[in-house]
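Dear colleague,

I am passing on the structure below, and I would be glad if you could look through it alongside the notes that follow.

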Amino acid sequence: MDTASLFYFTEAAKDLNFTQTANRLFLSQQNLSNHIARMESILGCKLFQRKPKLELTYEGELFLSYAKEAVASENNMMASIKSIQNENAGELRIGITTPRASIIVPEIMEVFNASHPGIHIKLFDQPSYLLEKMLVDNRLDFCIGVIYSEYPELQSTHLLTDKVYLCVSDRLLRSCYGAQADELREKAKYGANVADFSQLPLVMSTDSIPLTRAILSCYEEVGSQPNVLLTTTYPQFFHSLYYSGIAAAFMTEMILADILRHQQQGAETLYAFPLLRNGDFLCRDITLTVNCHRYLSKPAKHFISLTQNIFSSIAEQRKNENN
């Protein structure tokens, strides 16, 4: 049984629509059907139930795991050979959000480029569920972010636990709460309940982002509604509106620390309150996630090692600051 047929079968199993799969893979539907029929003939069973709609049979579901492993094995073999032939050329594909990449990648690039000058790094900023899918499909080398995956082939290593903060300027806080602003600020210093800040105008990410959904659940649990001024997928709006005192924002500790580090002297007084959910701090676990079936080249392993060192340094710095 050739690997091409196995690959076509795994792709058809994703779409459960032969026409869609054929168009996506730039081959005729008849050609795709022939590959599937040939495998069914060899196996002596049906892999797909055609009516009333296309779906995998029980045998097809069992065979799918084997087919995925076989395709991944061949891809890894090809990648290994190419990597061995030329370790200092090629492409490193990394899933990571732009704000997080802007913090760690500049720290890594000089050392990494000195060892691997011919490697082209390509970053993909996508929601976590899309990055998971790209990892499973072997379209990424690894991901750095908040990944809680149920895919058995994905393996995550913890890098850092990030608290989520409600970020607001002194001017905006006083504008919304007047004489109560100081009392509210003191109360929220060790943990903020969203119900206490329902009047604040907010800039938020779209609800396709897991962090946004977690924040919205905080409001739902206390029976409150967020006062959303602006919804965006562009994180720079968070920074500019927070700085200017136009809107409050929610940010993770790592992003917040980077923003405050670059704050200009004499700028607006800014506050950041750790967000509470059910009495505990709302946190996000940043992980480094790989596909266990994917071959990792020496450059990829080196980049991963540098990444782990940076996050270890951040964790150590936080520990020292809290002592």
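In this predicted model, C143 lies in strand β5, and with a relative accessible area of 1% it falls under the 20% cut-off, so C143 counts as buried. Leaving aside its neighbours within four places in sequence, C143 is in contact with G95, L131, L135, T287, L288 and T289. The C-alpha atoms of C143 and S128 are 8.9 Å apart, while the two residues are separated by 15 residues in sequence.

In a regular strand, side chains alternate between the two faces of the sheet. Strand β5 (residues 142-145) has F142 and I144 pointing one way and C143 and G145 the other way, and all of these residues are buried.

As for the partners of this strand, β5 runs parallel to strand β3 (residues 90-96), to which it is joined by 3 bridges, and I144 of β5 stands opposite I96. Strand β13 (residues 283-291) pairs with β5 in the antiparallel sense, again over 3 bridges, and there the bridge partner of I144 is L288.

Turning to the helices, α2 (residues 18-25) packs against α3 (residues 29-43) at an angle of about 110°, with the axes 9 Å apart; the two helices are therefore roughly perpendicular to each other, since angles of 65 to 115 degrees are counted in that way. F18, T19, T21 and A22 in α2 meet Q29, L32, S33 and I36 in α3, and the residues of this contact divide into 4 nonpolar, 4 polar and no charged.

Terms used:
Residues are numbered from 1 along each chain as its sequence is written. This is a predicted model: local features need pLDDT of at least 70, side-chain atom pairs count only at pLDDT 80 or more; totals for chains, interfaces and linings use all residues. Side-chain values use heavy atoms; hydrogens and water are left out. Buried means under 20% relative accessible area, exposed over 50%, partly exposed in between (1.4 Å probe, protein chains only). Helices (H or I, at least four residues) and strands (E, at least two) are DSSP runs, numbered from the N terminus. Two strands pair if DSSP finds at least two bridges between them. Axes are lines fitted to C-alpha atoms, for helices over the stretch in contact, and angles run from 0 to 180 degrees between N-to-C directions. Angles under 35 degrees count as roughly parallel, over 145 as roughly antiparallel, 65 to 115 as roughly perpendicular and the rest as oblique. Contact means heavy atoms within 4.5 Å. Ala, Val, Leu, Ile, Met, Phe, Trp, Tyr, Cys and Pro count as nonpolar, Asp, Glu, Lys and Arg as charged, and the others, Gly among them, as polar.
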